[in-house]
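Please walk through the packing and the charged pairs of the model shown here.

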Amino acid sequence: PHILSLPLLSPVDDAGCFTEEAGPHFAGLAVQGEGNAAVVGALASAGVLLKQEAYAHKYPYDWRTKKPTIFRATSQWFASVEGFRAEALAAIRGVSWVPAVGQNRITAMTEGRNDWCISRQRKWGVPIPVFYDKQSGEPLLTEQTLAHVTGLVAQQGSDVWWTAPLEALLPAELAHLAPSLSKGEDTMDVWFDSGSSWAGVLQARQQQGLTFPADLYLEGSDQHRGWFQSSLLTSVAATGS
């Protein structure tokens with residue numbers, strides 16, 4: 001399919017208000033309050049409002065706050081599956097599936113799998129250890145910075161990302177960049193977490209008698225899209241099998 005390289009348009013901020021990008025008449029207005037009314041008024045003033053009518057319809061609500069949600073286009077981190085799709089399909093064929101139809105299900109899902117969005121905007125979870133330039137927004141994420149953060153997490157746990165000062169999270173040779181950087185606040189998709197259990201459980205405890213790869217993965221058929229697939233993709237991407 002043809003992919004258009006269009007710039008990201010998201011004129012709504014984290015507080016649910018229109019930004020300057022929406023125009024001076026709407027900036028600062030709450031989208032689901034006076035913002036909606038202002039947009040309708042602007043359409044009417046321009047003579048392009050065909051009809052305004054209130055009617056009952058389904059709408060997504062946040063299950064915690066019971067408030068209506070807003071869908072925004074935002075920058076995210078993705079893991080490309082294309083580079084190891086063939087290896088993943090080969091690994092599927094090397095597994096005995098019970099019932100056998102499970103192989104067809106996960107094969108079809110893996111063949112049609114798009115890029116995996118691995119970032120989430122939550123206040124809990126495993127952080128994505130990336131730094132951003134305060135001026136340009138350019139990310140700083142290298143093998144060097146990853147290795148340093150990985151060492152800190154191994155010693156102090158993943159909360160170190162939130163509790164340690166930024167300069168401590170940088171390798172010594174990059175600490176001077178701290179004033180110009182900010183810490184990323186995105187967390188990892190929880191399916192990436194659970195899918196990495198082969199590393200955190202099996203590989204990490206081989207001296208205790210566990211083996212990698214696992215002899216058995218036991219879950220329901222719905223996990224062909226979930227845990228089975230996330231385990232498959234993370235393992236093949238990292239180890240080749």
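Leaving aside neighbours within four places in sequence, which residues is I106 in contact with (heavy atoms within 4.5 Å)? They are I92, W97, H224, F228, Q229 and L232. This is a predicted model, in which local features need pLDDT of at least 70, side-chain atom pairs count only at pLDDT 80 or more, and totals for chains, interfaces and linings use all residues. Residues are numbered from 1 along each chain as its sequence is written, and side-chain values use heavy atoms, with hydrogens and water left out.

I106 belongs to the largest nonpolar core, which has 16 residues; I92, I106, L232 and L233 have the most contacts inside it. Such a core is a set of buried Ala, Val, Leu, Ile, Met, Phe, Trp, Tyr and Cys residues joined through side-chain atoms within 4.5 Å. Buried means under 20% relative accessible area, exposed over 50%, and partly exposed in between (1.4 Å probe, protein chains only). Helix 9 (227-239) supplies four residues, the largest share of this core.

The buried residues of helix 2 (85-93) are R85, A88, L89 and I92. Seen down the helix axis, they fall within an arc of 100° (directions from the axis to the C-beta atoms), so they line one face. They pack against helix 3 (101-111) and helix 9. Helices are DSSP runs of H or I, at least four residues, numbered from the N terminus.

R85 also forms a salt bridge with E82 (a Lys or Arg side-chain nitrogen within 4 Å of an Asp or Glu carboxyl oxygen), the closest N and O atoms being 2.9 Å apart. E82 counts as exposed at 55% relative accessibility, whereas R85, at 14%, counts as buried.

Note on methods
Helix = DSSP H or I, 4+ residues; strand = E, 2+ residues; numbered from the N terminus. Contact = heavy atoms within 4.5 Å.
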